[in-house]
Each structure stands twice: as structure tokens, then as C-alpha cells.
Amino acid sequence: RFVERGRLVEGEFRPEGTQREWCDADVLRSIRRRSLAKLRKEVEPVDQPVLARLLTSWQGVTKKRRGLEALLDVIETLQGYPMAASIFETEILSARIEDYKPSDLDTLSAAGEIVWMGVEPLGGRDGRIAVYLTDHAPVLRGAPAAPAAPSDVEEKILDYLRTHGASFFAQIHEAAGGFGNDLVDAMWDLVWKGLTTNDTFHALRAFTRPAKVNTRGFRSRRVASPSTQGRWSLVAPPGPNATQRATALAQQLMTRYGVVTREAPGAENIAGGFSAVYPVLKAMEEKGRVRRGYFVAGLGATQFASGGALDLLRSLRDEPEQPETVMIAATDPANPYGTIVKWAREGLTRSVGASVILVNGALAAYISRGEKQISVFLPDDEPARGIVAREIANALASTVTTGQRRALLVAEVNGEPVARTPVAPFLAEAGFVPTAMGYQLRASVRG
């Protein structure tokens with residue numbers, strides 16, 4: 001009689017139900033409304049800080065791993081991304097690998113698993129490099145920008161390597177002649193033109209950190225510069241098939257970001273930008289390998305995501321109970337600010353040596369190179385304002401307490417003396433001591 005009157009609905013309502021069940025009609029309508037509301041929320045685009053949380057999680061920054069297998073996974077995710085050689089190990093790899101050891105990278109290089117190539121010079125003692133899995137390099141690497149005609153010395157080096165293959169510097173010097181320093185400079189010019197490389201990372205470390213104390217356990221007896229260690233060889237030419245390269249690039253972007261937006265290829269200076277990989281991503285969508293939609297608000301409307309990344313993105317929509325704070329290099333590919341997402345204000349740059357602090361994916365602080373000037377971006381309301389300020393102070397202190405730095409001095413915050421800013425009491429709480437120059441923390445202060 002209740003069913004006839006419409007007060008009850010008959011059917012199978014519970015999961016795996018096998019018998020007749022009844023449900024109050026109003027309750028069933030309420031369930032349907034809430035289910036639809038939940039589904040609508042799931043397909044709504046997330047805010048941009050959620051994308052930042054996705055990237056730091058997707059790339060292993062929020063949960064570091066150990067060992068050679070983990071390091072190889074990291075290289076596979078990062079391959080092809082232009083990174084400053086001076087911070088590639090100390091800030092990029094160390095942000096993802098617990099207790100990172102340069103010897104592990106050397107092991108993978110000696111095993112022939114990975115290769116590195118120069119992208120462009122940065123000043124006199126640095127440059128951007130790209131690292132690849134050896135078998136992926138030919139198809140992922142594009143043709144280098146047309147370099148200037150090689151000098152006579154450079155041409156002699158290239159001719160020798162074409163004839164003899166991978167060679168030590170002494171062999172090249174003997175064949176090419178001339179002054180050793182001129183030959184070293186020419187060798188590195190060829191590296192930054194994307195024409196030559198080295199089978200180890202020793203030469204790269206010596207080039208970017210010439211004053212670094214020797215930690216190899218012996219004093220070299222070689223006459224040549226430490227930046228000539230290892231064997232030099234020509235870079236393998238890129239694969240001739242443009243379609244194969246576009247396919248490999250699209251798959252690599254998906255591996256690196258999880259969610260590929262129109263802005264992502266531009267962040268890596270990929271020739272042709274988003275249009276170069278769009279046909280491949282579209283074909284992947286048609287085959288059901290990725291999904292297309294508007295997943296992140298405020299970015300280009302055409303976005304592609306893998307199923308796993310999309311599930312993770314939606315799970316990160318709600319803020320965690322405890323703040324999720326990471327401090328990474330401003331140029332780190334896991335930092336979307338300044339490339340995929342706009343900076344919180346003008347004047348900030350993805351400079352080598354600068355760092356950012358992200359709290360629950362939002363840009364909380366920007367630390368300029370030299371670390372004395374900091375820009376902070378605090379929420380307007382409490383308790384969020386105090387929580388973010390405390391996380392900034394603790395993140396800065398951790399660079400000293402974990403041994404990354406011997407001391408840290410904060411002189412200015414948002415252009416004002418640090419003592420006058422809302423961050424000051426939280427810095428003091430974290431162990432910083434007021435001085436005439438600013439707030440300072442030394443390793444010895446906290447034992």
C-alpha cells in the first residue's frame with residue numbers, strides 16, 4: 001500500500017543487493033541530489049594551487065625515495081627538461097631522492113643508462129643541460145638551434161671525434177694541437193651548442209663548481225683541467241621522423257606533469273609549442289589513453305590528463321589536515337609558478353639560485369638568490385595567516401638544521417626590514433636570532 005501511495009519505492013538499492021528492498025521516496029530523492037552534487041564537484045575545475053600539489057606529488061617531491069631504481073625513475077620523469085647544471089644534483093635530484101649521492105648518478109652513467117647534453121650556456125661557469133635515458137635520447141631530442149659556424153679549433157675537435165669516436169681529452173689535444181686552455185674553452189662551447197657530450201658527470205661538476213674541494217679520495221696527477229675528465233663524444237643526431245618525436249614528446253609531457261595544459265610545452269621551449277603535440281594528445285584521447293577536459297581553472301581550456309593523475313588531482317582538492325609544505329628551486333619543473341601558472345606578483349623570476357616555498361600548493365614565499373630578500377604571500381584571515389607564516393619560518397630553518405647550509409640570514413621581507421614584518425615572531429620561534437643585519441640562524445645555535 002505504501003508503494004501504491006508513492007511513499008516507498010521498491011527495488012535493489014544497496015551495493016550487491018540480491019533481494020527486494022524498499023526505500024522512502026524522499027530519502028531516495030535526497031540520495032540522488034547528493035550523488036549528482038558530488039559528481040558535479042568532481043568534474044569542476046580545481047584551483048591552481050591544487051595543480052601545484054599534483055606536480056610535487058606526481059614528481060616525488062613530497063615523498064622522497066631511495067636507491068638507484070628511484071633515481072632512474074626520476075631521470076625518466078625529468079628527461080628532456082632544461083635544467084641548470086649547477087643545481088641539477090644539489091637541488092633538483094636532492095629534492096626527490098633521500099640522501100642523494102652523486103656516486104649513484106655516476107653508476108647509472110657508467111652503466112650506459114643515461115646521457116646528458118648541453119642546451120645553452122648561462123654565464124661563464126654554468127649552463128642548462130638535459131638528461132635522457134640513453135635509448136630515449138635520439139627520439140626525444142630535437143635538432144639544436146642552428147649554431148654559429150665552428151671555429152678552427154672546434155672544427156678540429158669535431159673532425160677528430162667523427163673519425164675516432166669517444167676519446168679522452170689528452171688524445172684530442174695531441175691531434176688538434178694548440179694551447180690546452182683554448183681547447184678546453186672550445187670543447188665546452190661545443191657542449192653548449194649541443195654538439196658534444198661527456199660519458200661522465202665529473203667534467204660537468206668541475207666546470208660549474210671549479211673551487212669545489214676534492215672529495216674523490218685522491219689528488220689528481222693530470223695536467224689538464226678537471227673539467228676535461230672522462231671521454232668526449234659527438235651527440236647522437238636526433239631521429240629523423242618528426243611524427244615519432246611528437247609522439248615521444250607528448251608521452252613525456254604526460255609522464256612529467258600528469259595534466260598537460262597549453263602552457264606546459266612553452267615552459268620547456270619546445271619548438272612549435274602546444275600545437276606540436278596537440279594532434280598526438282588528441283589521438284591518445286580518441287584511443288582512451290588520456291582524458292580531455294577543463295581540469296584546472298584559469299589555464300587554457302584544452303587540457304589532457306592521464307586517468308591516474310586525474311584521480312590524484314581530485315583527491316587533492318581538499319586541503320590536508322596538516323600543512324603540506326615544500327621548498328624547492330624556483331626553476332624546478334615541479335614548480336608551476338612562473339611558467340604554467342602566473343606569479344603572485346610582478347618582478348619574480350625563475351632564476352638559478354632562487355627558491356620558492358609552497359604551502360598546500362599555494363605560493364607562500366619566494367627567496368631570491370643570496371637568500372637575504374624574501375617575498376611572502378600570507379592569507380588575509382586567521383588562522384590561515386599564522387599557519388602559513390609558521391610554515392615559511394620552519395622551512396627556512398630546516399635548510400640549516402638539516403645541514404644544507406651552515407647559516408641563513410633574512411634581512412628583508414617584502415622590501416621591509418624583517419623585524420617590522422608579520423613573519424618576525426615566527427622566525428624567532430623557529431630559532432632565528434635578531435641581529436643588526438636581520439634575523440640569523442646558525443647551525444651551532446640549534447646544536
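Before we start, axes here are lines fitted to C-alpha atoms, for helices over the stretch in contact, and angles run from 0 to 180 degrees between N-to-C directions. The model is predicted, with local features needing pLDDT of at least 70 and side-chain atom pairs counting only at pLDDT 80 or more, while totals for chains, interfaces and linings use all residues. Residues are numbered from 1 along each chain as its sequence is written, and side-chain values use heavy atoms, leaving out hydrogens and water.

**Exercise 1.** Describe how helix α4 and helix α12 cross.

*Solution.* Helices are DSSP runs of H or I with at least four residues, strands are runs of E with at least two, and both are numbered from the N terminus. Step one: the axes of α4 (residues 67-78) and α12 (residues 242-257) come within 8 Å and cross at roughly 125°. Step two: α4 is therefore oblique to α12, since angles under 35 degrees count as roughly parallel, over 145 as roughly antiparallel, 65 to 115 as roughly perpendicular and the rest as oblique. Step three: E76, T77 and L78 of α4 meet Q252, T255 and R256 of α12, where contact means heavy atoms within 4.5 Å.

**Exercise 2.** Work out the surroundings of T399.

*Solution.* Begin with helix α16 (residues 384-401), where T399 is found. T399 counts as buried because its relative accessibility is 3%; buried means under 20% relative accessible area, exposed over 50% and partly exposed in between, with a 1.4 Å probe and protein chains only. Finally, leaving aside neighbours within four places in sequence, T399 is in contact with M327, Q404, R405 and L408.
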